Amino acid sequence: MRDVFRGQSGDNMNLTKRKREALREQFRGRCAFCGSKLPAREWHAELIGEDYVQGGIAPVCKECRTAKGNASPEAFRALLAEQVERAQRHSANFRTALRFGLCHVKAEPVVFWFEHCESSPAVSSASTLITSQNTSSAA
């Protein structure tokens, strides 16, 4: 059986239950973008491109999927970088929290979880297994 891709890159994709679980485990059960623990269900398998992860497929939590929409990882990074500036302009609560030291603004670029763990054998071999499963199931 061949995997079905819906729409453009970044859209959710259909994988067998076994492939989904393998993908989730290969990313240590974490969202590729924020690094939060993924539940057994209610997360997305997304084609984000081989420029980002080997094989191009990554698990994404509901929250990141909602915030990201169909944006590429680079467009999502830019969107996230704008959030602090937007909160400072429009949120009195955020400005108050900053004033009282309850949160701090970092001047560092947004780094996704998969970038921190890119050299990890668990993450780097993730898509190899999924890709090899896709190849064998397509035959």
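Leaving aside its neighbours within four places in sequence, with which residues is C31 in contact? In this structure, C31 is in contact with S36, L38, P59, V60, C61, C64 and W113, where contact means heavy atoms within 4.5 Å. The structure is a predicted model, in which local features need pLDDT of at least 70 and side-chain atom pairs count only at pLDDT 80 or more, whereas totals for chains, interfaces and linings use all residues. Residues are numbered from 1 along each chain as its sequence is written, and side-chain values use heavy atoms, with hydrogens and water left out.

The secondary structure of the protein comprises 7 helices and 4 strands. These elements are DSSP runs numbered from the N terminus, with helices being H or I runs of at least four residues and strands being E runs of at least two. Read from the N terminus, their order is β-β-α-β-β-α-α-α-α-α-α. Of the 139 residues of the protein, 37% count as buried; buried means under 20% relative accessible area, exposed means over 50%, and partly exposed lies in between, with a 1.4 Å probe and protein chains only. The protein exposes about 8,500 Å², of which carbon and sulfur atoms supply 55%; accessible areas come from the Shrake-Rupley method with a 1.4 Å probe, and for residues only the protein chains shown count as cover. Among the contacts with a separation of 6 or more, 59% are accounted for by residues 24 or more positions apart.

C31 also belongs to the largest nonpolar core, which has 22 residues. A nonpolar core is a set of buried Ala, Val, Leu, Ile, Met, Phe, Trp, Tyr and Cys residues joined through side-chain atoms within 4.5 Å. The residues with the most contacts inside this core are L23, F27, C31, F33, I48, C64 and F114. At least two residues of the core are supplied by each of β3 (43-47), β4 (57-61) and α5 (113-116). The largest share, 4 residues, comes from β4.

Helix α1 contains the buried residues K19, R20, A22, L23, R24 and Q26. The helix is followed by R28, whose phi is positive, at about 60°, although R28 is not a glycine. R28 is placed in the loop between α1 and β3 and has a relative accessible area of 39%, so it counts as partly exposed. E42 lies in the loop between α1 and β3 and has a positive phi of about 65°, although E42 is not a glycine. Because its relative accessibility is 54%, E42 counts as exposed. S36 is likewise placed in the loop between α1 and β3, and at 29% relative accessibility S36 counts as partly exposed. Apart from its neighbours within four places in sequence, S36 is in contact with G29, R30, C31 and C61. S36 and C61 are 25 residues apart in sequence, and their C-alpha atoms are 7.6 Å apart in space.

Pockets were examined next. Rolling a probe the size of a water molecule over the atoms shows where empty space is left. On a 1 Å grid over the protein atoms alone, a pocket is an open set of points where a 1.4 Å probe fits, with protein on both sides within 12 Å along at least five of seven lines; lining residues have an atom within 4 Å of a point. Grid points are joined across faces, edges and corners, and a volume is the space filled by probe spheres set on the points.

The largest pocket holds about 320 Å³ of space. Its lining consists of L80, A81, Q83, V84, H104, V105, K106, E108, P109, V110, V111 and H116. Helix α3 (residues 73-90) provides the largest share of this lining, 4 residues. By type, the lining divides into 7 nonpolar, 3 polar and 2 charged residues; Ala, Val, Leu, Ile, Met, Phe, Trp, Tyr, Cys and Pro count as nonpolar, Asp, Glu, Lys and Arg as charged, and the others, Gly among them, as polar.

The second largest pocket holds about 180 Å³ of space and is lined by K17, R20, E21, A40, R41 and W43. Helix α1 (residues 17-26) gives the most to this lining, with 3 residues. The lining residues divide into 2 nonpolar, no polar and 4 charged.
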